[in-house]
Amino acid sequence: MDIKKNVHSSSDQLRGHFLGVVYNYSAHGVQRDGEGWEESISIPLLQPNMYGIMEQWDKYLEDFSTSGAWLPHRYEDNHHNCYSYALTFINCVLMAEGRQQRDKSEFTEKYVVPRTRLASKFIILYRAIREHGFYVTDCPQQEAQPPEGGDLC
């Protein structure tokens, strides 16, 4: 589990791509990586109309990551790890915004599981295309009028 700090350029944002730094916590402490996370799953936590607060979240992330809680010697595989780092950060932001915090199972079920299911579908599709190939056809033209007795709604 990691947290990505987004750095925008207007042309990248228009294409839907973000450049950024991934903050992650391991036995080496908090790391800031500019690459190496290309195959990770992104779990967006902000709605599109909330992107204006991203800079504030970035400041929270830097302050949070430099606290003594995330020093290398405090790392523990089962309880004080990369997942707890990410979830604790998210809960700190939620608390600062006066919103309800998430426990591990709720966060996992609401945010992580749906993204991993979607990623699994793409991996299955990718493997099938790699193994069997693919071809592209034109989409059949749809009827301009709905069939008799059929409604659009």
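Guide: A salt bridge here is a side-chain nitrogen of Lys or Arg within 4 Å of a carboxyl oxygen of Asp or Glu. Please note also that the model is predicted.

Visitor: With which residue does R32 form a salt bridge?
Guide: Side chains of opposite charge can pair when their charged atoms come close. For R32, the closest N and O atoms of the pair are 3.2 Å apart, and the cut-off is 4 Å. The partner of R32 is E62.

Visitor: How many residues apart in sequence are the parts that this pair ties together?
Guide: R32 belongs to strand β3 (residues 29–33), whereas E62 belongs to helix α2 (residues 54–65).

Visitor: Is E62 buried, partly exposed or exposed?
Guide: Buried means under 20% relative accessible area and exposed means over 50%, with partly exposed in between. R32 has 39% relative accessibility and so counts as partly exposed. E62 has a relative accessible area of 28%, which makes this residue partly exposed.

Visitor: About how many helical turns separate D63 and K59?
Guide: The side chains of D63 and K59 meet in a salt bridge, at 2.9 Å from N to O. D63 is partly exposed at 43% relative accessibility, and K59 is partly exposed at 48%. Both residues lie in helix α2, 4 residues apart, so their separation is about one helical turn.

Visitor: Is R102 buried or exposed?
Guide: R102 and E106 join their side chains in a salt bridge of 2.9 Å, N to O. E106 is partly exposed, its relative accessible area being 28%. R102 has a relative accessibility of 16%, and the limit for burial is under 20%, so R102 counts as buried.

Visitor: How many salt bridges does the count come to?
Guide: The pairs discussed include R32 with E62 and R102 with E106. By the 4 Å rule, the count of salt bridges comes to 4.

Visitor: Which element supplies the largest share of the largest nonpolar core?
Guide: This core has 19 residues, of which V30, W70, Y85, F89 and F107 touch the most other members. At least two residues come from each of β2 (19–26), α2, α3 (82–96) and α4. The largest share, 7 residues, is supplied by α3.

Visitor: How far apart are the C-alpha atoms of Y25 and Y75?
Guide: Y25 lies in strand β2 and counts as buried at 2% relative accessibility. Among the residues that Y25 touches are V30, W70, Y75 and Y85; W70 in turn touches residues including Y25, V30 and Y85. Y25 and Y75 are 50 residues apart along the chain, yet the separation of their C-alpha atoms is 8.1 Å.

Visitor: How many disulfides does the structure hold?
Guide: A disulfide is a covalent bond between the sulfur atoms of two cysteines. C82 is partly exposed, with a relative accessible area of 24%, and C92 is partly exposed at 33%. The number of disulfides in the structure is 0.

Visitor: What accessible area do L118, F122, L125, I129, F134 and V136 have together?
Guide: These residues form a nonpolar patch on the surface. One of them, L125, lies in helix α4 (residues 104–132) and is partly exposed, with a relative accessible area of 47%. Together, the patch residues have an accessible area of about 640 Å².

Conventions:
Residues numbered from 1 in each chain as written. Predicted model: local features only at pLDDT ≥ 70, side-chain atom pairs only at ≥ 80, totals over all residues. Heavy atoms only, no water. Patch = residues over 30% accessible without salt bridge, like charges linked within 9 Å, V, L, I, M, F, W, Y side chains within 5 Å. Areas by Shrake-Rupley, 256 points an atom, 1.4 Å probe, with all protein chains shown as cover. Buried < 20%, exposed > 50% of the residue type's maximum accessible area, 1.4 Å probe, protein only. Core = buried A, V, L, I, M, F, W, Y, C linked by side-chain atoms within 4.5 Å. Contact = heavy atoms within 4.5 Å. Disulfide = S-S within 2.5 Å. Lists of a residue's contacts leave out its neighbours within four places in sequence.
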